[in-house]
Amino acid sequence: MATVALRFTPLAEHVRTARLVAVSVARRAGFGEDQLDEIRIAIGEACARAVGATEAAAGRVGLVDVRLDDDQDRLEVTVLRCGEDGEPLPESAVAAPEQDPLSLALMTGSAGTSAPATAPGGTHLTWVREDAGAVAQPLG
C-alpha cells in the first residue's frame, strides 16, 4: 500500500493542487479515465468543504489534511479539517458537513462505486478500480 499525505492551509487555491495529486495517485494505481474524472470532482468537493469549515472554525490558521492510500485495486481518500497544530478539529469546532447539500450531492454522484462517509471532522471516500469487479463500501 502506498500512502500520499498532503497538508495545506485552508485556501481555495490549494484545492486544485489536492485534485491534481489525487488524480496522479489514482492514475499510477491503474484507474481508468472515467474514474479519474469522478475522483477529481469528489476530491475537489471534499477539499472545498474542508477549506470552508476550517476557515469558519479556526480562521486561516487551520490546516486541511488529505491522505490517499492505494492498495492493489482500491483508492481510499480521507480529508480532515485540522487546527494549526495539525490535530483534527473537535466536532464542536467544525460546522456540520450537511450544511451544503449541493456539495454532498456532487461528491455522492462522483463517487462512482462508493458513497462518501462524512463526519464533522472530515470525509472518507473509497473507489475500486472498474476492472477489479468489486464494489466499494464506505468505511465506518
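The structure is a predicted model, so local features need pLDDT of at least 70 and side-chain atom pairs count only at pLDDT 80 or more, while totals for chains, interfaces and linings use all residues. Residues are numbered from 1 along each chain as its sequence is written, and side-chain values use heavy atoms, with hydrogens and water left out.

Searching the whole structure turns up 5 salt bridges, each being a side-chain nitrogen of Lys or Arg within 4 Å of a carboxyl oxygen of Asp or Glu. One of them pairs arginine 7 with aspartate 65, with 3.3 Å between the closest N and O atoms. That pair links distant parts of the chain, 58 residues apart: arginine 7 sits in strand S1 (residues 2-8) and aspartate 65 in strand S2 (residues 63-71). Strands here are DSSP runs (E, at least two residues), helices likewise (H or I, at least four), numbered from the N terminus.

Aspartate 65 is buried at 4% relative accessible area, whereas arginine 7 is partly exposed at 43%; buried means under 20%, exposed over 50%, and partly exposed in between (1.4 Å probe, protein chains only). Aspartate 65 also forms a salt bridge with arginine 67, again with the closest N and O atoms 3.3 Å apart. Arginine 67 is partly exposed, at 35%.

Aspartate 70 is buried at 11%, but arginine 28 is exposed at 52%.
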